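Below are my notes on this entry, as numbered points. Please read them alongside the structure.

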Amino acid sequence: MPNVRKVEEEKKQLAKSVLNKPAPAGQDIDLNQYVNTDNTAEITDLSQLTSLDKEQMLAAGIILEGSNQRSGSFLQMDNRPVHFSVQQEGIEVMSTREALAKYDWLQDYWWKAVAVDTDKYTANVELHQGDGYFIRSLPGQKSIFPVQACLYLAGKRVIQNVHNIVIAEENSELHIITGCTTAPRNDPGLHLGVSEFYIKKGAKVTFTMIHNWNPEVAVRPRTGVIVEEDGLYLSNYILMKPVGSLQMNPLARCIGENAVVRFNSIMMAPPGSNLDVGSKTILDARGCRTEVISRAITTGGFITTRGYIEGNAPEVKGHLECRGLILGERGVIYAVPELKGTLAGIDLSHEAAVGKIAEEEVEYLMARGLSRSEATATIVRGFLRVDIEGLPDVLEAEIKKAVEASERELM
Amino acid sequence: MLDIENLSVEVDGKEILHDINLHIRTGETHVLFGPNGAGKSTLLSTIMGFPKYRVVRGRIIFNGKDITGLPVDERARLGIGMSFQRPPVVRGVKTRDILAACLKQRGDGEMIRRLAEKADLVDFLDRDINYGFSGGEIKRSELMQLLAQRPELALLDEPESGVDLVNISLIGKLINELLEKDCPIRNRKCMGLIITHTGYILDYVNARTGYVMCDGTIGCEGDPHEMLATIKEKGYKQCLTCVK
């Protein structure tokens, strides 16, 4: 144990050394404008949730009552986990604090996929003992339904410090839906979410994250993914509601042969929203593949959409696609697709397009009898449709629901 | 019935069509010949109502109603449909979605499947419309959409261009179904105006009247097969002298 304490102390020192280090991208958030607190939310179990809270969670894909279509559930309000349960053998769901107490070996995964000294936001999570979810599928086990996790920001000016660990053991399969949301008020708040994913040999993880914030909230998720041989990580990110400021750039590293990573992001920025959203994949082993696909719509907000693929091993393949649609006069989309290859024989490509809806397409649909607004809505719906391979029907339905729920506001 | 009276049309401030007169009765199919750049597609696009094509003189009467100022979607809902020569790709919008939109309340998934089988496009139903389609697939898809739409006036812009010999007979079959060629003319509800550059489609589809358009003007009118024979023999150069 002394060694563990020493390592923990080193992490704290590292964190302290970067307390003023801004992120390399996105608006710099002044942490002093917010409050670090252990347990602001007064709710201690699900029966105390109001119907409005539940509605907010439902909009983020979290079903707390009457659902038999979840393999497990986790709910954290501000900095306190208030509920976790599991409905399937071979799947573990608990708070990270509890998991750290239960499993000594978990220290080996702590701050391994995300560096504690990444920036002041990761430092804040470490120094304020962020709790979060621990989700694990045991070797060979496959989750029948998704595990749902909800991170709920309830208190005014609170910093929600979250540290999540997801481990898919060898040849297991895990589907997760995470809904991040706030109380139904426009209170300022800051969500700092560290998520570390470990996908072992032959394992598969699909991770669907639906954000449902408010215009006063700032959000800084920090995600790292390590994928071993023949592993698969499939991430779907949906943001169709206003948020004050959001910056994230999850990094997936394929370290085993034939590992596969797919990032799909769908985001919308109304006036006042400032998004800087990217995805990075590093292909470090032979035959690894990745696809990074983003769809961004602005109706007046500012979106930077990034993509980065790096190929460092033979026969790796990657494709990056950033597409942006500007609806209205004042929105801005800045697409930054980047590729880096370090040896011959790799296959990396990208395409990026930003623009308004093509009049020719609208008229084509109008010639089939659709009104102008119907034609525009059909094109926008099509733009937001990303064909996702390997996603269970129930998650595909959740994504569709989240996107469709916002279409009317969008138009 | 379609009546085009003294129609002149400009695009981007330049007059392209001059004083066009054309009359198609319900059940009839007419064919428009002409060299590239003659204004054939401009005429079809003007009848369909695309805003880029501005009517400066004359009018278009469809089934007794002056539609000259109506927008595209209203014309479509009145019963005018068009098969595009080069339709746009609409990413994310599936062929199935467009068929459903064309059918409105008149059909279901089974109807969509039957239409796709007819056009040999079942495997294309869940693909983005026109994305990666070959020339023949585009033409079949356009006609399939019109079959779903069931227009009273079908405007077909070069339905045989870019189509191989195997596909052209299927194209002909789809057009004949669209234009109800198996019914006696008096029982048909649909009329057609077909643009053809090569005339190949006449081997598969019967047409009553042909026109030759050159430099934005209809030069002559007559039996389409005779016209085609003349064009094949003398080329459009002869037609140009005739128009002048």
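1. Helices (H or I, at least four residues) and strands (E, at least two) are DSSP runs, numbered from the N terminus. This is a predicted model: local features need pLDDT of at least 70, side-chain atom pairs count only at pLDDT 80 or more, and totals for chains, interfaces and linings use all residues. Residues are numbered from 1 along each chain as its sequence is written, with chains lettered from A and ligands numbered from 1 in the order in which they are written.

2. Helix 2 (residues 51–59) of chain A lies across strand 6 (147–153), strand 8 (173–182) and strand 10 of chain A. Its direction is at about 130° to strand 8 of chain A (axes are lines fitted to C-alpha atoms, for helices over the stretch in contact, and angles run from 0 to 180 degrees between N-to-C directions; contact means C-beta atoms, placed from the backbone, within 7 Å).

3. Chain A has an open sheet of 10 strands with mixed pairing, in the order 3-2-6-8-10-12-15-17-19-21 (strands pair if DSSP finds at least two bridges between them). Strand 3 (80–86) and strand 21 (347–355) of chain A are the edge strands, each pairing on one side only. Strand 10 (residues 204–212) and strand 12 (residues 232–239) of chain A run parallel, joined by eight bridges.

4. Strand 5 (residues 133–137) of chain A is largely enclosed by the rest of the structure, because five of its five residues are buried (20 or more other C-beta atoms within 10 Å of the residue's own, C-beta atoms being placed from the backbone). Strand 4 (residues 91–95) of chain A pairs with strand 5 of chain A in the antiparallel sense over five bridges.

Methods:
Two residues are in contact if their C-beta atoms, placed from the backbone, lie within 7 Å. A residue is buried if 20 or more other C-beta atoms lie within 10 Å of its own, exposed if 12 or fewer, and partly exposed in between; C-beta atoms are placed from the backbone.
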